[in-house]
Amino acid sequence: MSEPKRYLVTSALPYANGPLHIGHIGGAYLNADIYVRYLRSKGKDVAFICGSDEHGAAITLRAKKEGKTPREIVDYYHELMKNAFADFGISFDEYHRTSSDEHREMSQAVFKKLEEKGSFEVETSQQYYDEEAKQFLADRYITGTCPNCSSDKAYGDQCEKCGRSLSPLELIDPKSTLSGSKPVLKETSHWYLPMAHHESWIRDYIGKGEYQGKTHHDPKEWKAHVVGQCMSWVDGGLQSRAMTRDLEWGVPVPVAGADGKVLYVWLDAPIGYITNTKVWADKNGKNWEDYWKSDESRLIHFIGKDNIVFHCIIFPIILKEHGDFILPYNVPANEFMNLEGDKISTSRNWAVWLHEYLEDFKGRQDEMRYVLCSIMPEQKDSEFTWTDFRDRVNNELADILGNYVNRVFVLMHKYYGGTVPEINGTPSEAEQSAATESRRAYESVGKAIEQFKFREALSEAMNIARAGNKLLTETEPWKLMKTDPQATARILHACLNMVADAAAALSPFLPFTSGKIVEALQIKARTWDEVTMNEQIATGHTIGQLPILFEKITDETVAAQVEKLAQRQAENTATVEPIKDTIDFETFQKLDLRVVKVLAAEAVPKTKKLLKLTIDTGVDKRTVVSGIAEHYSPEDVVGKHVLFLANLAPRAIKGVESAGMILMAENPQGQLSILSTEREAITGSTVK
RNA sequence: UGCGGGGUGGAGCAGUUGGUAGCUCGUUGGGCUCAUAACCCAAAGGUCGUCAGUUCGAGUCUGGCCCCCGCUACCA
């Protein structure tokens, strides 16, 4: 592949309904930032683009729940995320937002062009319309009685009581949650992207790296899990997807008669990359089209694995249909990062929040950048723990890098008052091999970054400091000074240059530290190529004082952070669901609750959660299917008396008819517990 | 369940086209003292999830099975 003229690098637009956590950073931002800083250091023309993703039903629902407007929600999180990114040193050229006027114009223009070209298929169907609120109702905005379990709290897409997926038309006695009125059926149209039409070229694009009959990229450079997931989608047959929604919050569909419709958030968000590029270009006297519409530009999307299909299939289809845009050259998606043995979860508040880290560890961005890069989930899921954080910071950053730089500064000041002496003589073998290793490591850093192997790159950058430590120990300048001052001067000069080289090699990863080192050296920061050209610090140059680069992380600090997580867990445990609406006694009496005995139990084949139980109700024996297999094995439950709802309408689950429901207590962690009687249990006892 | 990814010394990970199993951390022993109790050297430790197959030879290819993760389905 020839060198492109410019790079367009994007990070996934974070969704503006929660703060950022370390999983986000290690997934799609730190790696992108390292990549971009490297390219900039090489003097490349780069645009690094991101922004908040602020539309979609989840935000409107959240706003409704909290009694706020969607605007208030997104304003809050946009600011929070933008500041956290900036503080952490994620060096976006532009961090804009999808709720902006610029974005409305851009996404409407893209939509309009596709609409006019006939890239969409318009499908008309009957949908519920709220005449008071004057809008079509998204599935989630309709409640009614479930045709299956008769719960009156069913939503248009699903009954949460019985879990059955529904279509709004199946609901008995539907109601709008907006106005409470009874919605009427009205004809509506939606724009679908017929992805099946694109299967053939997508297959070539992903599988062979070919586009429009030409080589586009080397598919071997793409990660296995990215190609694998895409091909499995294509092989499974691409389905048409609606690109519009009936919602108020979003970009209005720019077509006459489409009132109350907005662009699907998944369409609107990636167009945000384009909008935000334009916003940046306009501010900086550049032309955004150079980046998006030129074969000489290279587009790279950094994302997490949950976004693969969208960035590799759906968005490319949009870009191609539009006609002028280039396609992603690579999508180096990362896997997920876990935290202390459990997956990170925003809703369960199980996370290390970036803004809290920045608060608790002021001025220590590089420590987290180092650790996150070291454990970046490049090929498989990885795990962050606070003890591992401590070990890596203390044993690697502080001991190997920080201490090396410090040794060199101390020796330079001690022997030469900080001024680089005259350099003479022929380097010894140890000096030569240190220089060779340092050079090799430096070049490996760049190569690894270009292949998106950030962990390897960081490790190679650290090898420069390792080589320096080795040279010092092998040559022992503190002894040599007495016998061979000329060699000592040469060695320390070499060490000093290795400090400068390490600062350059590490600058994409640890920009703050790199800056501190450069400042202490009192030199100009070296670009990538200046180091490759073997630029040296000149005789007569005086260096300054070095601050301690990395303080050790104490066990107390670790304990405090672990405690913080545990506390959140406790808070979570404390959260209980609110009391439901009052019902009358007659309604209660309709329930046939009783104690039954489990006679037999077996796992339902090919399922993870289901047990098939034979129970004795006292009146009859029957079969129920219960989703408890992850909490109880068949042996655990046989012979037990359990609480049972006997007059629930039967339902087939995985082909087995289930007549009734075993009642279980569930804690906030989702753990189930059998309910039974405290005194002697009699099979068939009623519960009142 | 279907699909995808992964299972390598105590921990975290590399292993390109098949040919003596590597790295970082940790552990043990030694050296050094300029340095942030740091640094350097050496050693111990793995039959590469499992079973079978292809091959002169497999962590690396083929097939079956087990386990973990993601999306997906079933937790009335």
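Mentor: Let us begin with a definition: a disulfide is a pair of cysteine sulfur atoms within 2.5 Å. Please keep in mind that this is a predicted model.

Trainee: How many disulfides does a search of the whole structure find?

Mentor: A disulfide is a covalent bond between the sulfur atoms of two cysteines. The cut-off for the sulfur pair is 2.5 Å. With that criterion, the number of disulfides found in the whole structure is 0.

Trainee: Which cysteine sulfur is closest to that of C50, and at what distance?

Mentor: C50 counts as buried, at 0% relative accessibility. Its sulfur is too far from the closest cysteine sulfur for a bond. That closest sulfur belongs to C312, at 17 Å.

Trainee: Is C495 buried or exposed?

Mentor: Buried means under 20% relative accessible area. The relative accessibility of C495 is 0%, so C495 counts as buried.

Trainee: How many residues of strand β2 are buried?

Mentor: Strand β2 covers residues 45-52 and is largely enclosed by the rest of the structure. This follows from the count of its buried residues, which is 7 of the 8.

Trainee: Which strands pair with β2, and in which sense?

Mentor: Strands of a sheet pair through backbone hydrogen bonds, either parallel or antiparallel. Strand β1 (residues 6-11) is joined to β2 by 5 bridges and runs parallel to it, with V9 opposite F48. Strand β3 (residues 94-97) pairs with β2 over 4 bridges, and there I49 stands opposite E94. The strands asked for are therefore β1 and β3, both parallel to β2.

Trainee: What is the handedness of the β-α-β unit that contains β1 and β2?

Mentor: The unit consists of β1, helix α1 (residues 22-41) and β2. Its handedness is right-handed.

Trainee: Which strands stand at the edges of the open sheet formed by 5 strands?

Mentor: The order in this open sheet is β22-β21-β20-β23-β26, with antiparallel pairing. Two of these strands each have a single partner strand, so one side of each is left without a neighbour in the sheet. They are β22 (621-626) and β26 (661-662).

Trainee: Which residue of β22 stands opposite K612?

Mentor: Strand β21 (residues 611-616) pairs with β22 in the antiparallel sense over 6 bridges. Opposite K612, the residue in β22 is V625.

Trainee: Which helix gives the most to the lining of the largest cavity?

Mentor: The search of the whole structure finds 2 cavities of 30 Å³ or more, and the largest holds about 70 Å³ of space. Its lining has 7 nonpolar, 1 polar and 4 charged residues, including W353, W386 and R568. Helices α10 (354-360) and α19 (555-574) each supply at least two lining residues. The greatest contribution, 4 residues, comes from α19.

Trainee: Which helices each supply at least two residues of the lining of the second largest cavity?

Mentor: About 30 Å³ of space lies in the second largest cavity. By class, its lining has 3 nonpolar, 3 polar and 4 charged residues, among them F512, K516 and F550. The helices in question are α11 (365-374) and α17 (511-521).

Trainee: What separation do the C-alpha atoms of K64 and A504 have?

Mentor: K64 lies in helix α2 (residues 57-66) and is partly exposed, with a relative accessible area of 47%. Along the chain, K64 and A504 are 440 residues apart. The separation of their C-alpha atoms is 50 Å.

Definitions and conventions
Residues are numbered from 1 along each chain as its sequence is written. Chains are lettered from A and ligands numbered from 1 in the order in which they are written. This is a predicted model: local features need pLDDT of at least 70, side-chain atom pairs count only at pLDDT 80 or more; totals for chains, interfaces and linings use all residues. Side-chain values use heavy atoms; hydrogens and water are left out. Two strands pair if DSSP finds at least two bridges between them. On a 1 Å grid over the protein atoms alone, a cavity is a set of points where a 1.4 Å probe fits but cannot get out, and a pocket is an open set with protein on both sides within 12 Å along at least five of seven lines; lining residues have an atom within 4 Å of a point. Grid points are joined across faces, edges and corners, and a volume is the space filled by probe spheres set on the points. Ala, Val, Leu, Ile, Met, Phe, Trp, Tyr, Cys and Pro count as nonpolar, Asp, Glu, Lys and Arg as charged, and the others, Gly among them, as polar. Buried means under 20% relative accessible area, exposed over 50%, partly exposed in between (1.4 Å probe, protein chains only). A crossover is right-handed if, with the strands pointing away from the viewer, the path from the first strand over the helix to the second runs clockwise.
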